[in-house]
Structures are given as structure tokens and as C-alpha cells.
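I opened my notebook to record, step by step, what I looked up in this structure.

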Amino acid sequence: MEKLFSQFKQPQGKIGMFAGWFMSKENKAINKWTIDFLDIQDDDHVLEIGFGSGKAMKYMLEQREQLFITGLDPSEVMVYQALRRLNKHLINGQVCLMEAQADELPKLSQKIDKVLVINNITFWRNPVNMLMEIRKQMRYNGKIALTIQPHEKGATDETSELIGGQLTALLAHAGFTTIEFFIKPTTPNNTVCALGTK
């Protein structure tokens, strides 16, 4: 079971490819729900941490043609899948993908307008420090969305409410303002999205 769980943290090999497919299928509605909160506009620079197979990026690029997206993901398997899915956008320079942990975010050449983090902040080594580093690279009034659907054993809809409180606290400690969280009814447990503004 531990080995299977690790595949959702950092997919590897053939099992990792299946884990990536499963996560992208399960996250489809959650991706769209979260992205809608960010009110992404043409010419925005979006950062996605933990982009998986790249489906959220593809959805954003379908909604807005003039976007630039930077993505970090620690899994070589996921980077490969995303490269294949986003090939034409890579060619025209709209997407930059990096195989890296969240805390390996480099200094970017362009300020960030929107940040998307779905189902992976729980794997970050130091979430507050990382959020502070992200905030430094964001434009004034930039928005960040942190989304989690709890899957751990014993999790309930109440767990989602508690996570919402934890995510808002992380954003507050990192210096974000206008913080709020929203709940989406999902199975097996509700999904929570916390929003913050620089």
C-alpha cells in the first residue's frame, strides 16, 4: 500500500503512468472548478505546481490563447505525459515544464499572475516557506488557488472543512490576503479550494 501511495506522490514507471492517468481522470472536474476561481486572462503568466499529465494546462490554453504557463512536477513520467499532450504549445513557447520539487522553483524571468496547486501541497516539505517564495514572484493582486480532495483512510466531508481552515492559515502565514475557501461536493469526500491574493 505504501508503494502505491508513493505513485500518487511521484509517479514512476508503468505503474506511475497508470497512476497519472487515474489522477487526471479523477481531477478533471476539480481542475475546471479551481481554474474558474482564478479568473485567468489573456497574457497572464500562470504557475502550476504538480501539473501531472498536463490536462489542467491544456484546459487553460483552450480557454485563453494568449497565456504563458510555467509548470513544476517531480515525476519524470508526468513530465513526459504533459510534454506529449502540450506539444504544439511548447513549440510556440507558451509552456515551460520543469521536472522539479515545489521547493526547487527557480527565479522566473516573468512575474506570476495566477498560481494553481491541486492535490499536492500535502507533499511539500515546508509549505509556508514555499508559499512565501511563490508570493515574492507574483504580481500585485495576483491570485493563488490551493485545492485538495482528501483520500486518506477515515477522511470525511468534515475532514475537507478542516483542511480548508488549514489551507487558509498557510496562506495567511505566507502573507496572502483576501483569503477564503470553498467546498465542492465530490465523491468519496468533498473537495476544498482555498484562495488568496497578493
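**Entry 1: strand β1.** I looked up β1 (residues 45-49) and found it mostly covered, with five of its five residues buried, where buried means under 20% relative accessible area, exposed over 50% and partly exposed in between, using a 1.4 Å probe and protein chains only. I noted that His45, Leu47 and Ile49 point one way from β1, while Val46 and Glu48 point the other way. The strand and helix names come from DSSP runs numbered from the N terminus, helices being H or I of at least four residues and strands E of at least two.

**Entry 2: what I am reading.** This is a predicted model, in which local features need pLDDT of at least 70 and side-chain atom pairs count only at pLDDT 80 or more, whereas totals for chains, interfaces and linings use all residues. Residues are numbered from 1 along each chain as its sequence is written, and side-chain values use heavy atoms, with hydrogens and water left out.

**Entry 3: the partners of β1.** I found that β1 runs parallel to β2 (residues 68-73), joined by five bridges; two strands pair if DSSP finds at least two bridges between them. Glu48 stands opposite Gly71 in β2. From β1 the chain crosses through helix α4 (residues 55-63) to β2, and this β-α-β crossover is right-handed, which means that, with the strands pointing away from the viewer, the path from the first strand over the helix to the second runs clockwise. β1 also pairs in the parallel sense with β4 (residues 112-118), over four bridges, and there the bridge partner of Glu48 is Leu116.

**Entry 4: the whole sheet.** Which order do the strands of the open sheet take? I read it as β3-β2-β1-β4-β5-β7-β6, seven strands with mixed pairing. β3 (95-99) and β6 (177-184) stand at the edges with a single partner strand each, so one side of each is left without a neighbour in the sheet. Further in, β4 and β5 run parallel and are joined by six bridges, with Val117 opposite Leu146 in β5.

**Entry 5: Gln149.** I then turned to Gln149, which lies in the loop between β5 (138-148) and α8 (157-173). Is Gln149 buried or exposed? Gln149 counts as buried because its relative accessibility is 3%. Its side chain makes a polar contact with the side chain of Thr186 at 3.2 Å; such a contact is a pair of N or O atoms within 3.5 Å, where, within protein, one must be able to donate a hydrogen and the other to accept it, and residues adjacent in sequence count only if both atoms are side-chain atoms. The side chain of Gln149 also reaches the backbone oxygen of Asn189 at 3.2 Å.
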